[in-house]
Structure formats: structure tokens, C-alpha cells
Amino acid sequence: MMADTGSEDVAVIGNTDQTPSELQNNIKNTMVEKGGTLLKGLEISVAEAEKRTGKNAVSIQETYTVYLIETRAVDNVSEVANPTPDSLWRRYSEFEIFRNYLLVTYPFVVVPPLPEKRAEFVWHKLSADNMDPDFVERRRVGLENFLLRVASHPVLSNDKIFYSFLTQEQGWKEVVFETGFQAKADSRLKALNATFRVKNPDKRFAEMKHYGDELQSVISQLLRVRARVADRLYGVYKVHGNYGRVFSEWSAIEKEMGDGLQSAGHHMDAYAASIDDILEEEEHYADQLKEYLFYTEALRAVCRKHELCQFELEMAAQDLISKKQQREELATGTVRTFSLKGMTSKLFGQETPEQRETKLKTLETQIEEGEEMVKERTAECDEFVKNAWEDIERFREQKDRDLKEALISYAIMQISMCKKGIQVWNNAKECFSKM
Amino acid sequence: MMSGTVTDNNTPTATKPEDLAGQVLDLDEDDDLEVFSKDATFMDGSSFNSPMPTSPGSMVNQYKFEEEEEVPDTKDIFVTVDKPESHVTAIETFITYRVLTKTSRSEFDSSEYEVRRRYQDFLWLKGKLEETHPTLIVHPLPEKFVMKGMMERFSDDFVETRKRALHKFLNRIADHPVLSCSEDFKIFLTAEELGTHKKQGPGFLSRIGDTVRAVAASVRGVRTRPEEFIAIQDYVEAFSQKMTSLDKVTQRIIKEQKEYSEELGEGSPVYTKWSDIEDELMVPLKLMASCLDRCHRESEEQVLQLSNSLLPTLHEYVLCTDTLKAVLRRRDNIQAELEAKTETLAGKKTEAEAEVIKEEIDKMDDRLEWANNALKADWNRWQERMRADLRSVFNRTAEKNVEYYEKCLAVWESFLLSQKTEDSEGDNILDS
């Protein structure tokens, strides 16, 4: 994830002077570092968040948060951004609509996830309230990250609706609905059905799906442990504040020990206070993990789409085979498979040669169409497999890079925490020895 | 082992214990204190006033029973409490501790003694010492009963903690210029069977008499308590509250730390599980798992310092305040008795009766003066000791905490280092 994304950070995206091989190269680099993006010369950021109240669709007053999306055209030659950005406000639900559009329109892409809708895996001090300013702030960062991920994706970044989302204040919703993406969405039931009944899915996708499940499980566990650890650590540090208070009171009744105790007490207070910043930083690590937790859902979606494609191909192929069989039966008069029609015709008498002829002709057409269908579906499947696997590879590399970086920054945080601890306790020790 | 000088620097070390010993043996008489009060050495309050020079190093070592310590040359008696053993009889189960004494003092027949004592025996010793020296401050014993929810009576932790406290108790006595010369102390250290000695001493009835007098005196109260003792009383009140608070805070920290350590430990296997499903990330994730595990173990060790060293010491000083309050009460009682006696003088008609009363008043006056001086001297001594003890234990705790963080720092720095060397180019996030 974007470990470097601060509150006002922007990523420079876009350098149209690149050759295809350079572009390809860019895909392999982190988007922040080389700005490996394909969106033409646009800087994107989610700069602010604000509370609004208004009437919703059913005319009920509600409070919601809007986020300010700022875009700045980058001068391609000098790579300097225009000073004044364009901006518009969007709410979380609009981001959701946009993402759903992407999911439907690019089923072979592992679509970047949005930050969580509701705060989960929280430790006690953090509020689970969506209106809490800390939550809103972290969500703002998450939304920015989402946009940057889309903007740096080789396929998604070229989408017109994306550009619209970033720049078109009014009427964006109409535009996106006009694409009719909602109708194209596969029903949940259909997808589930396919999962159970597909016979020969590509092994790699099956493995990938399994990996996605395991990754989700492991990250969930980690996030739960982390929340509990944070809770306890908070407790340890804060209770030390009591030492501060008691030392201070105690110093009042002592002569020689008074000074030492008093100053030691101050250090205990400082120690107790230091945990807030430490845990805030650690929250960042949790957010990085969460992004990949949500990514597993997108990964699974791609695998499910493959299953669906494959299933539909298999269905078409199956249909073709059965039609060919029927033709054969009709032509030779033999009944190979049981059919109600065959039975009834046996019971109630054979058809006339004319009827048979018409039937055969219909079948022939159907078979022709069927073969076309199978060809189409095979091509679709192959195309899907090719594109999806390419994106999965891209995703895999991105994930390895990002998570490794996350682990490293976690270690850095721990080091910082240890250093602070050493300092405080050394100071306290000095005070104690003066007691 | 207690280190630091047992006796002060003003009076010759060799002679004083012997003098004391001679007088201590007269203890069975009621006017034993009178004997003391006539001894010039003891009337001089200054013999108690010189501070006990205990070096910080030796104070620290006090808590490391397993290590060798520096011993000043003047120390001539060494007492250890160890080897707890469980005894089961038809009636009860109890634990005895070995009390080992090594001494060069002449009043001891041998130079080495080994006896077995149970908690009851320590209680007896304390009682005797307080009886004989009502205004001297005897270090508290560990509690008789177990606090609810803390430890099981026969768990290893409990026995170990109690053993250490008993060791400290005896060593404080051995260090005390007056108490270490007590006959009861000698008996405790040397007698095979304490049973017979326990039955000696002031008779049951006289003990009752003492108690009644004491209660009557405390009910009456003192008319005017000297300034300095009021000050001590106030201090002890406040100090008691602070120690109790610190005790509670420390217990809470231990609890939170233990739970933190546990949760930390839970993270490690999850990272290992994760590493099993990854290729590129397998190595860093495995490393992460091992780092967390190491931190978890360091954390466990850090808690030990708190629960084995800091908490027991704080707890001892909570108990000390009870001792101090009792000492002040007893001093008050001595004064109250004197005042009561003085009052009766007014009602005496005959010269003879008045003479008798006056004599008694004189004795009690001496007794009070001696008690006050003893208390004052011992109070100073106690304060110095307290300061050294607490300074040392807080110091040590801070040290241990620094050590803990240093070890964890090393763990994470090694993680970073290994990842850095794996990196080819590009990632510049590593300069921290």
C-alpha cells in the first residue's frame, strides 16, 4: 500500500512520452516511485473531508461526509503541475458505484478495493463510529489510495468513466448509469451455480482462489491479534501515568528524595503519553493489511468470473453435443438416449417423414448456431484467461512489493518505539539514582 | 545477604556486642530496660544516629540471592534462608525453611549453625523482639495469610517470595546494632528445637497484664505527644498511602504486561502460517514470526523483574508502615503509663507512699527517655534504609526496562538489516 501517502501527498501520474516498453516497465514499479501511470498527465488527490446534511432519496434528513477530489494537469514537458487544481466533492457511495462499474466492466481485473465501509478490527480506544474524525481521516487516505491505484493500472486508467468521475461535477451518475453496467452484472446466484457445477476450470485459477481464501483468513487473524495487542500495550503505558501521579504526591512528603521522585514522575507521565502516537502509527500498518484483506475479495471475483466463463462454455459445448446426438437419432432412427419426445412418439406413433425433415433442418441450424456459440465462448474464455492471468501476475508482484514494504515499515515503527522507551527509562533511572 | 556495616563507626565494634550480650542475658527481669538505660553507650543517642553507609552496589546485590556480593570487613554474621521443604503430618501440612548462620561472634559457641524453621517460628521471634524492644523498628514479616486471588499457598511462586522475604527479615535483624545481639535472635538461629524456648519468657498472666495496661494506656491517650513524633506519625500516614498506591499500580502494570506478552505471542504462529502460503514473502514473514516470538519472550522476562523484585519491595514497605504505627503506639503507651502514674501521685497522702510512687515515676521516666531516643535513632536509620532500598529497586527496574527495549531494538534492527541486504535497488524507505 501507499506507505508514503501523507495527507497532502499527490502522485505525479502520467508521462505520455513513454514508449510501450517503458510503459510496460512502469507497470512493474510502485506507482508512487516512478509514477508508473498511464493516465495522461494528471495529479490526483483526495484533499479534504467535510460533513454535510441533506435530504436523501426518501426525503429523510441525514448527515454524511463528502470528500474533495482535486486534480491538477501536469505540464508534460516540464513535469510541473498547474498551481490551481480542479476539484469536486464526492461521497463514499459514489465511490462504491464507480467501483461496481469497474467490477462489471473489467471482470478480468483485480480491482483495487475501497477502504472499509465500517470500522472493523478496532481496539478499544478507537471509535467504531463512522463519523469519528480519525476514522474519516483514515478513510480519506484510503480513498485517495484507491484512486491512485486505479490511475496507475494499465487498463483501468484509460477508462472514460474514471476520467469523468475525477473531473465531472454534475451528471456523472447519469453518465455511469447510461453505460448500463448494472444490467451486465452477473447475478450472485448465477456465479455460485457456476462454481459448483463447472467441470474443468483452469487449475491456476482454482489455486489462486484457494490462495485468496487462505490469505483472507490469515490477515483477518493477524488484524484481530493486532487489535488485542494494541489494547494491552495501551493499558501498560497508561497505567504508568499513575506512577507519575503518586511519585509527585510522594515527593511532597520527602526531603532528600523529593527532587528525584518529582522528575522521575514527569518521565512516567511522558512515557504514558507516548503511546498515543505510537499506536496511531501502527494503525497505518493495520490499514495496509486491510487493503490486501479486501483485495482477496477482488481476486476471488476474478476467479469466479473465470468459472462462470468456463461453465458457460461447457454448457454451450454440452448443448451442442446433445443437439448433434438428437440429429443422429433422428437421422438413423435409433434412440440412444431417453427423451420424453421419443417415448411419446413411440407410444403415439412415429412422425411423418415431412415432420422429420423439418425437425432435422431446425436441428441443423441450431447445430450451426451452437458451433458458432462454442467458438465464441471458447474465444471469450481464452481471452479472459489470458487477460486475467496477466492482471493476476501484475497483482501478485504488486502485493509482494507492498507487503514487504509494510513489514519493513512495521519494523521501523517498532525500532522507533524501542528507542523512545530506552530514552524514557534511562532518564527515569537517572532521576531514581538521585533519590 | 545483608551487607553494609552492622555497627556504626563511632564505637569499637569488638566490644559493644559483648557488652550487650552480657546485659541481654538479664532479659528475664522486668527491669531489663533499666539495665540498658544505665549503660552510657546507649544513652548516647548518637550511637544510632550515624547513617548506615550501604553502597548502592551492595543494595542491589541484596536482591540477587544467587550471586556473590561484596562484603564489608566489619560484617561478622551471615544468615541465609533457603531450601524450603514441605512437611505433612496427620494434622497439617506446612513448609520449613533452612536457616543457615555463619558467624565469628564470640557469644556463639560454634561458627556455623543450620536449623529448620517454619513461619510460626519467625512470628515468635518478631513477637519477642518487639516485646523486648518496643520502640525499635523491626522489619516486617511477609503476610501470614495469602491475599485472595494472588497466589496459592503452596505454589512455587508463593514459597519463593516468602522465602526471600524471610531472608530479608532475618538479615535486617542481623544488621541492626541492637537487635542482632538479642538473645532470642541467637536462640532462633541456633536452637535445634524452638519448642521449649517458646514456652519461656514472661508468663501468660503477666502478658495479659501488659496487654491490659497497654489497652488502658491507649484508651487514655497521651496528653502531649512531642513534636517530632507527631511529625513522624503524619509522615507515616502519608507514606502508607503512597506505598499502598504504588503497590496497586505495580500490580496492575504486571497484569497488563502479562496479558500484552500473551497476545504478542499469539501473533507469531499466524505469521508462520502466512509464510506457508507465500513464495516471495515467505522469508520476511518467517523472520517476522521469529522476531515477534523473541520480543514475546523478552517481555515475559521483563515482567519477572517487576513481580520478583519491585512488587515485593513495595509490599514490604506497605507492611513497614504497620510496624511503624505500632512502634509509635507503643511509645505513646509508655508515655501514657508515665502520665497515669504521675497523676496517682497527687492522690497519695503519706510520704512513704509518695516516695514509692516517685521511685516508680523515675524508672518510668528513664524508660520513656530511653524509648524515645531509641525510636528517634532507629527512625533515622529506617529512613536511610528505606531511601536506599527504594532508590535501588526503582533504579534496577528502570535498568531492566532499558534492557528490555534494547533487546527488542536489536531484534527489529536485525530484521531490517536482513531485508536490506536482500533488496536489490529502488526501495529507499530503509533510512530511518
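Colleague: Where in chain A is confidence lowest, and where is it highest?
Modeller: Lowest in helix α1 of chain A (residues 20-27), with a mean of 40, and highest in helix α8 of chain A (residues 203-251), at 94. The score is pLDDT, the predictor's confidence in each residue, from 0 to 100. Helices (H or I, at least four residues) and strands (E, at least two) are DSSP runs, numbered from the N terminus. This is a predicted model, in which local features need pLDDT of at least 70, side-chain atom pairs count only at pLDDT 80 or more, and totals for chains, interfaces and linings use all residues; side-chain values use heavy atoms, leaving out hydrogens and water. Residues are numbered from 1 along each chain as its sequence is written, and chains are lettered from A and ligands numbered from 1 in the order in which they are written.

Colleague: What does chain A average?
Modeller: A pLDDT of 83, with 83% of the residues scoring at least 70. Residues 1-38 of chain A are below 50, and that stretch has 90 contacts (heavy atoms within 4.5 Å) beyond near neighbours in sequence. Where pLDDT is low, the predicted coordinates should not be read in detail.

Colleague: OK, the two chains. How much area is buried between A and B?
Modeller: About 5,600 Å², with 73% of it from carbon and sulfur atoms. Buried area is the accessible area (1.4 Å probe) lost on putting two parts together, summed over both. On the chain A side, Arg232(A), Tyr243(A) and Leu407(A) lose the most, together 11% of what that side buries.

Colleague: How many salt bridges cross between A and B?
Modeller: The rule finds 8, counting a side-chain nitrogen of Lys or Arg within 4 Å of a carboxyl oxygen of Asp or Glu. One pair is Arg228(A) with Glu263(B), whose closest N and O atoms are 2.8 Å apart.

Colleague: Which elements of chain A give two or more residues to that side?
Modeller: α8, α9 (258-332) and α11 (353-433) of chain A. α8(A) gives the most, with 23 residues.

Colleague: Switching to chain B. What are its domains?
Modeller: Domain 1 is 74-199 and domain 2 is 221-420, with bounds from an automatic or database domain assignment. Their centres, taken over C-alpha atoms, are 21 Å apart. The contact takes 19 residues from domain 1 and 24 residues from domain 2.

Colleague: How many salt bridges between those domains?
Modeller: The count is 4. Arg385(B) pairs with Asp175(B), the closest N and O atoms being 3.4 Å apart.
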